[in-house]
Amino acid sequence: METKMSFRLRLIVATALAAWSAAAAAETIKIGVTPGPHAQILEAVKPIAAKQGLDIQLLEFSDYVVPNAALDAGEIQANSFQNQPYLDNQKADRGYKIEAVGLTVNFPIGVYSKKHKAFADIPEGGKVSIPNDPTNGGRVLLLLRDKGVIKLKDGTGFKPTVFDITENPKKLKFIEVDAAQAPRALDDVDAAAINTNYATQAGLDPVKDPILREDPKGPYVNLITVRAADKDKPWVRTLVDSYHSPEVKEFVLAKFKGAVLPSW
């Protein structure tokens with residue numbers, strides 16, 4: 001009996017020490033995300049990364065501006081919320097030394113309406129809200145161009161503005177709003193372009209509810225971003241590999257049912 005108890009005690013102590021050592025050895029990083037799918041996906045990444053010795057702490061930001069400022073300032077070690085055109089624009093405007101290190105998911109942007117069942121039903125002079133940042137606002141204008149609603153100047157690239165509209169047969173009035181406030185604009189406009197994460201927060205179905213929806217292709221795949229000085233550190237590879245695991249892909253497909261698409 002005494003021998004058995006001694007063995008059990010030693011086993012318990014050894015297990016506890018091993019757990020303590022693993023916890024002590026774990027590297028902790030803070031990742032900035034926007035609420036909704038980005039945060040939910042990183043929650044699924046956390047236990048996978050933890051097995052590789054990486055402790056992830058998530059900080060939620062309610063807009064698209066602060067996460068890059070916080071990353072560049074060293075307040076967080078990574079963020080996951082943006083696509084390459086938006087990142088390029090932020091770096092050009094603000095001089096951030098941050099880099100993309102891995103692809104995440106794609107969120108086809110949608111145009112929603114409480115007043116009309118089809119975009120063609122919007123009357124002449126109707127109001128359409130679009131995000132006020134160059135990347136997402138540009139996405140919507142490109143979507144409307146591709147659907148034959150408007151025409152844009154040649155060579156506008158991925159960031160056209162309302163000033164690049166050359167033809168607007170229905171004389172639509174474009175109202176620029178902060179992306180996070182777009183769902184609130186629905187009551188005041190004929191249609192509102194809303195990013196997927198904010199649409200899901202507002203109880204909208206990004207697959208069934210849009211009266212127009214972006215094709216899930218192009219440069220708008222989202223990214224994991226870190227400071228340029230950190231991009232070759234081992235924890236970055238661990239983070240990206242954990243995100244790109246089969247378990248996370250299965251989670252995305254099962255959880256979001258086509259509203260969010262894995263891009264790896």
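Colleague: Which element gives the most to the lining of the largest cavity?

Modeller: That is β3, with three residues. Keep in mind that we are looking at a predicted model.

Colleague: Which other elements give two or more residues to that lining?

Modeller: Besides β3 (78-83), they are α5 (134-146) and α7. The lining has 15 residues in total, and Tyr 64, Phe 81, Arg 139, Asn 195 and Asn 222 lie nearest the centre of the cavity.

Colleague: How many cavities of 30 Å³ or more does the structure hold, and what volume has the largest cavity?

Modeller: There is one cavity of 30 Å³ or more. The volume of the largest cavity is about 150 Å³.

Colleague: What is the make-up of its lining by class, and which domains does the lining draw on?

Modeller: By class, six lining residues are nonpolar, eight are polar and one is charged. Domain 1 (27-108 + 219-262) and domain 2 (110-213) each supply at least three residues to the lining.

Colleague: Let's turn to the aromatic rings. How is a pair of them described?

Modeller: You give the distance of the centres and the angle of the planes. In this model, a search of the whole structure finds seven aromatic pairs. One of them joins Tyr 64 and Tyr 198, with 5.4 Å centre to centre and 40° between the planes.

Colleague: Where in the chain do the two partners sit?

Modeller: Tyr 64 is in the loop between β2 (54-60) and α3 (66-72), while Tyr 198 is in helix α7 (residues 196-201). The pair links distant parts of the chain, 134 residues apart. Tyr 64 is buried, at 10% relative accessible area, and Tyr 198 is buried too, at 5%.

Colleague: What about Tyr 243 and Trp 264?

Modeller: Those two form an edge-to-face pair, 5.5 Å centre to centre with 80° between the planes. Tyr 243 belongs to helix α8 (residues 234-243), and Trp 264 to the segment after β13 (261-262), 21 residues apart.

Colleague: Which residues form an aromatic cluster?

Modeller: Tyr 64, Phe 81, Tyr 86 and Tyr 198 form one. Tyr 64 and Phe 81 are also among the residues nearest the centre of the largest cavity.

Colleague: And where does Arg 139 lie relative to Tyr 220?

Modeller: Arg 139 lies over the face of Tyr 220, at 4.5 Å from the ring centre.

Note on methods: Residues are numbered from 1 along each chain as its sequence is written. This is a predicted model: local features need pLDDT of at least 70, side-chain atom pairs count only at pLDDT 80 or more; totals for chains, interfaces and linings use all residues. Side-chain values use heavy atoms; hydrogens and water are left out. Rings of Phe, Tyr and Trp (its six-membered ring) pair if their centres lie within 6.5 Å; planes under 30 degrees apart count as stacked, over 60 as edge-to-face and the rest as tilted. Helices (H or I, at least four residues) and strands (E, at least two) are DSSP runs, numbered from the N terminus. Buried means under 20% relative accessible area, exposed over 50%, partly exposed in between (1.4 Å probe, protein chains only). A charge sits over a ring if NZ of Lys or CZ of Arg is within 6 Å of the ring centre and within 35 degrees of the ring normal. On a 1 Å grid over the protein atoms alone, a cavity is a set of points where a 1.4 Å probe fits but cannot get out, and a pocket is an open set with protein on both sides within 12 Å along at least five of seven lines; lining residues have an atom within 4 Å of a point. Grid points are joined across faces, edges and corners, and a volume is the space filled by probe spheres set on the points. Ala, Val, Leu, Ile, Met, Phe, Trp, Tyr, Cys and Pro count as nonpolar, Asp, Glu, Lys and Arg as charged, and the others, Gly among them, as polar. Domain bounds come from an automatic or database domain assignment.
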